[in-house]
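Subject: Model for your review

Hi,

Here is the structure I promised to send. Please open it alongside this email.

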Amino acid sequence: MYKIFLLLLFPMLLSAQVQIIKGSVTDTGSEKISSVEIKVYNLKNELIKTLNTDGNGYFSLEGISIDSIKITAKKTDYIPFEKIIDLQKEKNPLKIILKKETQEIDAVVMTKQKPIVTRKVDRLEFNVENSNISSLNAWEILKKTPGVTVNNDVLAIKGGTGILVTINDKKIMLTGDELKNLLENTQGDEIKSVEVITNPPAKYEASGSAVLNIVMKKNKIEGYRGIVSSKYVQTQYAKGVVGVSQYYKKDKLSLMGSYYRGFGTYYREGTDYVNYQESRTRWVSTMNRKDKNKAQNTVNFNAEYEIDSLTNLSLNYSGYFSPKSFGTYVVPTLIYNSQDIVESDYTTINDHQSRTINNSLSFQVDRKLNKKSSISWISYFTGNNVDKYQDVLTHLNFRGETPRDDNFFTQNKTDVQLYSTQADYQWKDKKLEFESGMKYSFVKTISRLDFSDNENGTLQLRPEKSSMFDYKEHNFAAYSSLAYNLGKWNFKGGLRAEMTDLEGLVSEPYERNKNKYWNLFPTFYAQYSTESKHEFGFSYGKRISRPSYSWLNPAKSYYNLFSYYQGDPKLKATIIHNLNLTYSWKGWNLDLYYRKEIYPSMEISFQEPSTSNLIYYFTNIEKGQAFGASLYKSFQIKPWWTLILSENLEHNENYFKGIDDLLYKNKVWNWVSNVSVNITLDKGNDWKMELGHKYYSPGIQGTFTISSAWAAYFVMNRKFFGKKLEASFIFNDIFRTMGQKISTKYANQDNYFLDYGDTQGFTFSIKFNFGNQAVKNAKTIKKTEELDRL
């Protein structure tokens, strides 16, 4: 009997599980819109079905067997629509209204909006998706992000340069030019937003002053696509980059691979002035550095596989290979007496070359435990190998001495190996979020310096000037954080604990430095939003800045007979306290901040009168502190004309002990300004230009005082053939005004150098897209902070 009952009931059960959804799509004037792309997802954001509206704007979805769905509607020239629907409550046909995105003004049409800036409880979100800057690469987008400044290709936020760059909250294991190269080859139309995190939460590494997180669009559509690109840069000398990127997604597998090769000649102008009060002489050295590199090879491969709807595996390899960078510097030095007459001189010829190899391999597993919680685990290995060689010949012509030649050779080999493993847990519902995790890492670095000089025509190894540096560091970290949403109030707090166990051995003279310490890093955030959308925020965070591994190496690296730089194996980690007050309203974003640094580590210089040496070395100064205000606002003057202001005013103080063991104070009011005008020149948003001006007022760094600088720039970008071909032109430092003077003057220290980084020039780049351009980049695997210290 029960079988007959179930048989009768079965059609009713089937009709309750499988549903039909009908609806229509209209514009704001109630006109039906045809050929609108409709997509249906489950609440795990997995695509269920795709279809288009008919000629009358209607659609019908059949075979839906779940109670809650997310539905999206997209069509060119309309703002995308997205909504979560409970099918048990939604009985009437769906009515979707799309708003027009296009506005015609003076024959110029703006089809994309300006970037949206959103203030969250622990970060500032710069949403660039579908904006008028999404055609730029990731590096250029970072330069336009609120609160971010770039001077000589160094990223800074509120005066702090220890910036950690992540992609989808995953750290990237590249620094300097390698990092810039990666970001320049990351397409802006793949980026959803950039998050500026001045007080990073407990889940982030405690190292570094701030975090820039690039949020990528997710890969949803299957297919293959590729990008071929090239870039030509003309400054004093020419440089270039060519490369190819390929992306593939099929079912549960996503693949990404890229190869870029850079080459060119790099140039930098500098002149050193050193005044010795004791001998009443002035030494002037002119060094124009010209280096060639014919093969800078960057390789990336990323694979992601979905075992099931809950488990995801990721494998990543990245490599950087620079087999030979070489150059010969000819550096004349004139020595003036008190009557400003040249009494002596010498000329240094520095013939040098270097080789760099970097390999990184990572493996990551992500697992969803249920609708509210998930875990992830990652392990990685990195190897970094650098080999530097130089042959230095000096022609000496000193007053009262017979002219002579001096010759020495140095070879410096450095090998860094790094291993890390990390596990994270997350639980989240509508009002409450909990995160916790732990990490272990181990670093081993060996650096060997061999110094030889010429004695009676033969090379002799000098053990007293040679050195072996062996360094090991273990780091263990654990953290927990809790966030709570209480209507108009948002709160978040966390605590991170890190233990560091390090040992450094120096061979000549023998020295052993061993240290083990624990640090606690609390964070707290609060945000209040009024009915009229005024947002007030407060945050506090404690951070640590560990010295780069190369800064710990005490071996002397000689520029010439009278100048060298040197690290310090006893460098202390810098403790940083950050305090922020924020205010946001209608696009205005104001940030008042205070920063205190205990034992900041940095490069400074001092002159030694007894040997006439100018020495650059890394050391800890006593303390540093700064307070200031940052302001960002984007003005939409016309639909096709945008004005952007980004200003930062800061009072900065550094306290240091001089060579006379007295405490000195270096302070300055520093203003950094960036003003730009963006104009769209065509109806399809395919032709844009930008004019901008950057200004840096005088600054300080320990004993250094840094002069002001400014630069004007111009950018033009044009897309062709349905956006498959893209060309851009950039003219930087138009008036060649980015040269700076860096000086030290206290006690008997009186020296400065003029520096110009060859920033004036133009860049022409071209990019061709082929294949299915709807495919987005596979998720970048998680990286870590230790490589930032290489």
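Below are notes on its strands and how they pair.

First, the ground rules. This is a predicted model, in which local features need pLDDT of at least 70, side-chain atom pairs count only at pLDDT 80 or more, and totals for chains, interfaces and linings use all residues. Residues are numbered from 1 along each chain as its sequence is written, and side-chain values use heavy atoms, with hydrogens and water left out.

Strands here are DSSP runs (E, at least two residues), numbered from the N terminus. Two of them pair if DSSP finds at least two bridges between them.

Four strands make an open sheet in the order β3-β2-β5-β6, with antiparallel pairing. β3 (47-52) and β6 (81-86) are the edges; each has a single partner strand, so one side of each lacks a neighbour in the sheet. From one strand to the next, the twist averages 20° (axes are lines fitted to C-alpha atoms; angles run from 0 to 180 degrees between N-to-C directions). Six bridges link β5 (residues 68-74) to β6, again antiparallel. Within that pair, I71 sits opposite K83 of β6.

Now to β34 (residues 574-585). Antiparallel to β31 (residues 535-545), β34 is joined to that strand by eleven bridges. I544 has I575 of β34 as its bridge partner. Eleven bridges also join β34 to β35 (residues 588-598), antiparallel too. There, I576 faces E597 of β35. β34 and β35 form a hairpin with two residues between them. In that turn, K586 has a positive phi of about 50°.

Best wishes
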